[in-house]
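Take a walk through the model shown here. The text goes from side-chain pairs to the ligand, then to the backbone.

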Amino acid sequence: MKLYSFFRSGTSHRTRIALNLKGLDYEISYVSLAKNEHQQLDFKRLNPQGFVPVLETESGLLLQSPAIIEWIEQQYPEPALLPADALGKEKVRAIAALIGCDIHPLNNKRVLEHLRQLGLDQNQINAWCAKWIQDGFSALEQILAQDPTRKKFCYGNQPSLADAYLIPQVVSAQRFQVDLSAYPQINEIYQHCMTLEAFQKAAPEQQADAF
Ligand SMILES: N[C@@H](CCC(=O)N[C@@H](CS)C(=O)NCC(=O)O)C(=O)O
């Protein structure tokens, strides 16, 4: 398998975590968002949207990180990234959606570039990013606090899809100087996940294209 990835892309990062948690072998093709390589015709032949990640598999090209991760889960069921029961699956997917639908897209390169074109300066753009992360993390912190079954991870006692989404969002929060001490449970989950090799190897600074 080949993952088209950019080191700082949260969606690439969550996909790397999922692949690593499954213990899968994959090579990485580096697509520089900084150099706008994702907008080149060659890359748009792979993904007409011009977004990373793309996962090249024997079954073809897979697009959209939520769909890619669900495909990985179905093809390689162990270790499971989703709980076995319907309610557990809902809880994990709800956390993933809170991050993947309601925080991450608002802080994407194309959105920030458009804000810049509309006249916002870098401080205003940073404030925009921090606002959506803080709103989402405040709600997530309450959701985590209300789950009496929660242990070291977002759900239960083993890493799930929710952790694969959360850790890249924490890294992005650090980048935008969001004070994580306001979110003790999120911070605790982050610290714990980062003791695991699957998360360490997926970290942006460990990627060959990091700068
Ligand atoms: N919904 C897509 C979003 C993918 C996405 O937005 N990727 C970002 C990097 S995290 C990207 O390629 N951005 C390019 C841009 O905004 O121009 C997914 O989850 O795969």
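**Salt bridges, ligand and backbone**

Asp135 is partly exposed, with a relative accessible area of 40%. Partly exposed is the class between buried (under 20% relative accessible area) and exposed (over 50%), with a 1.4 Å probe and protein chains only. The model is predicted: local features need pLDDT of at least 70 and side-chain atom pairs count only at pLDDT 80 or more, while totals for chains, interfaces and linings use all residues. Residues are numbered from 1 along each chain as its sequence is written, and side-chain values use heavy atoms, with hydrogens and water left out.

Asp135 has a charged partner. Its side chain meets that of Lys131 in a salt bridge, 2.8 Å from N to O. The term stands for a side-chain nitrogen of Lys or Arg within 4 Å of a carboxyl oxygen of Asp or Glu. Lys131 is also partly exposed, at 38% relative accessibility. Why are Lys131 and Asp135 separated by about one helical turn? Because they are four residues apart in helix H6, which spans residues 122–145. Helices (H or I, at least four residues) and strands (E, at least two) are DSSP runs, numbered from the N terminus.

Six salt bridges turn up in a search of the whole structure. Another one pairs Glu73 with Lys22, and their closest N and O atoms are 2.6 Å apart. Glu73 sits in helix H3 (residues 65–75) and Lys22 in the loop between H1 and strand S2 (27–30), so this pair ties together parts 51 residues apart in sequence. Are the two partners buried or exposed? Glu73 is buried, with a relative accessible area of 13%. Lys22 is buried as well, at 8%.

Arg150 and Glu188 form a further salt bridge, with N to O at 3.6 Å. Arg150 lies in the loop between H6 and helix H7 (161–175), and Glu188 in helix H8 (residues 184–193), so the pair links parts 38 residues apart in sequence. Arg150 is buried, at 13% relative accessible area. Glu188 is partly exposed, at 45%.

Now look at the annotated spans. An unreviewed UniProt entry carries the annotation "domain: GST N-terminal" for residues 1–80. UniProt positions are in the numbering used here, feature names are shortened, and annotations may be inferred rather than shown by experiment. Residues 1–80 are 36% helix and 20% strand, and the end C-alpha atoms lie 20 Å apart. Residues 85–211 are 64% helix and 0% strand, with end C-alpha atoms 42 Å apart.

His13 belongs to helix H1 (residues 10–21). His13 is buried, with a relative accessible area of 3%. What does His13 touch, not counting residues up to four places away in sequence? The list is Ile167, Pro168, Val171, Ala202, Ala203 and Pro204. Contact here means heavy atoms within 4.5 Å.

Next comes the ligand. It is surrounded by 16 residues, and the closest are Val52, Gln64, Ser65, Asn108 and Arg110. A residue counts as near if one of its heavy atoms lies within 4 Å. Several side chains place N or O atoms by the ligand. Ser65 has a polar side-chain atom 2.6 Å from a ligand oxygen. For Asn108, an N or O atom of the side chain is 2.7 Å from an oxygen atom of the ligand. For Thr11, a side-chain N or O atom is 3.3 Å from a ligand nitrogen. Taken alone the ligand exposes 510 Å², and the protein buries 90% of that. These areas come from the Shrake-Rupley method with a 1.4 Å probe.

Finally, turn to the backbone. Most residues other than glycine have a negative phi, and most peptide bonds are trans. Where are the cis peptide bonds? One joins Val52 and Pro53, with omega about 5°. Pro53 is in the loop between helix H2 (41–46) and strand S3 (54–57). Another joins Glu78 and Pro79, with omega about -15°. Pro79 is placed in the loop between H3 and helix H4 (86–102).

Gln64 has a positive phi, near 70°. This residue is in the loop between strand S4 (60–63) and H3. Gln64 is partly exposed, at 42% relative accessible area. Gln177 also has a positive phi, near 55°. Gln177 lies in the loop between H7 and H8, and it is exposed, with a relative accessible area of 73%.

Key. A polar contact is a pair of N or O atoms within 3.5 Å; within protein, one must be able to donate a hydrogen and the other to accept it, and residues adjacent in sequence count only if both atoms are side-chain atoms.
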